[in-house]
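Hello,

Here is the structure we talked about. Please open it alongside this email, and then read my notes below.

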Amino acid sequence: MFGDRVLSGMRPTGALHIGHFHGALKNWVKLQDEHPCFFFVADWHALTTHYETPEDIEASVWDMLVDWFAAGIDPAKATVFIQSRVPEHAELFLLLAMATPLGWLERVPTYKDQIERIKDRDLSTYGFLGYPLMQAADILIYRANMVPVGEDQVPHIEMTREIARRFNHLFGREPGFEDKAKAAVKKLGSKRGKLYLELRTRYQEKGEEDALEQGRALLASSASLSMGDRERLFGYLEGVRRVILAEPEAALTETPKLPGLDGQKMSKSYGNALLMREEPKALTDKVRRMTTDPARVRRSDPGEPERCPVWSLHQIYTTQEVRDWAAHGCRSAGIGCLECKQPVIESMLREQEVWRGRAQPYLDDPSLLRSIVADGCDRARHAAQETMRDVREAMGLAYS
Ligand code: TRP
Ligand code: SF4
């Protein structure tokens, strides 16, 4: 189906921290109520950089999945799966590679940057160069049109759009396309068919983008079309090619600034992270020791919340009323930092208790986790296979 399909993935990094929750998972949880969603663990992506330590993958995958479900990802709503369990991703990656100019990959902004920056690993590999193309395959294979990601990933989504466009251009040719498209219009029914043709004319003759959007929406809601006819009609809206792979849109997740315990960016590798599931005592201790405005050396020194990383946590974890109290108390030295941190700690503990409760059944019975994910992998595979049938056919590989 076209329509509003959402897809996103994360590399397996093991137990997640609260930055992952507020920067990505919270948004995924919201999206699962609004759209069909596919969320996957990008384990092959982990190997593009960490191929020398494959022994870490297994535990990282399962630990991360527990945190997804702890966060509220609901397997009854979203399809949750593991990339390597859907080997069709690799087939599409291979086929897309045939027509992908090397320059497109070399020009991905993170590529040269990371090669130069990361000195402790050798990244001059074919796999590392190709990983944005693998990401394109991850997205295109589900015909996803919404990809929630952070800013750093936007160039990859842009390249994915170019890959899709090039694919449709090269392989969407079809003998007798116009006749087949016209026959497909009839299948829309007379009223919808007429509207479709009007929208097509408005777009093609006057370039009205909103007519194109409406035309796509009309097709997305036409459930009775076969996949082939759907591709033709999506393509016929714009020109004379089938649209076999849909162009996705990056749905930028606005990430709240969430500093680590030392005020730097929160990251497990910096050792300054608060995990989603900390022991309550450890969480309390960590926040109590967290860096504050350096100007507040003594309790009697006034401070400035804007210079304090704890203040960023207040933005997420406390009410306006509490924040007014904290800001005033800080600037007037009316409260101490430990007092100021207390409502943040309490709110965090409440949040983590919910996560802990959701995680427990999976910790008690790991086979539950395995079977839910196996089910997600089956569903994902089914969707991926549908696309691959069209891709193979378009590329001349469906012969007997
Ligand atoms: N490259 C992404 C990251 O590092 C993870 C990822 C892989 C992904 N495939 C994807 C994200 C497809 C969105 C869609 O965060
Ligand atoms: Fe930061 Fe609160 Fe201390 Fe002010 S009182 S420096 S905002 S922790």
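Does Arg117 count as buried or exposed? Arg117 is exposed, because its relative accessibility is 57% and the cut-off for exposed is over 50%. Keep in mind that this is a predicted model.

Salt bridges come next. The count is 29. Arg117 takes part in one with Asp113, at 3.9 Å from N to O. Both residues sit in helix H6 (residues 109–117), and they are 4 residues apart, so about one helical turn separates them. Asp113 is partly exposed, at 41%.

Another salt bridge joins Glu247 and Arg165, at 3.2 Å from N to O. This pair links distant parts of the chain, 82 residues apart. Glu247 lies in the loop between helix H12 (227–238) and strand S5 (249–252), while Arg165 belongs to helix H8 (residues 154–171).

Lys180 and Glu174 also pair, at 3.8 Å. Glu174 is buried, with a relative accessible area of 15%. Lys180 is partly exposed, at 37%.

Now look at strand S1 (residues 6–10). The rest of the structure largely encloses S1, because 4 of its 5 residues are buried. S1 runs parallel to strand S2 (residues 37–41), and 5 bridges join them.

Last, the domains. Domain 1 covers 6–172 + 246–256 + 366–394, domain 2 covers 177–238, and domain 3 covers 277–363. The C-alpha centres of domain 2 and domain 3 are 54 Å apart.

Best wishes

Methods:
Residues are numbered from 1 along each chain as its sequence is written. Chains are lettered from A and ligands numbered from 1 in the order in which they are written. This is a predicted model: local features need pLDDT of at least 70, side-chain atom pairs count only at pLDDT 80 or more; totals for chains, interfaces and linings use all residues. Side-chain values use heavy atoms; hydrogens and water are left out. Buried means under 20% relative accessible area, exposed over 50%, partly exposed in between (1.4 Å probe, protein chains only). Helices (H or I, at least four residues) and strands (E, at least two) are DSSP runs, numbered from the N terminus. Two strands pair if DSSP finds at least two bridges between them. Domain bounds come from an automatic or database domain assignment. A salt bridge is a side-chain nitrogen of Lys or Arg within 4 Å of a carboxyl oxygen of Asp or Glu.
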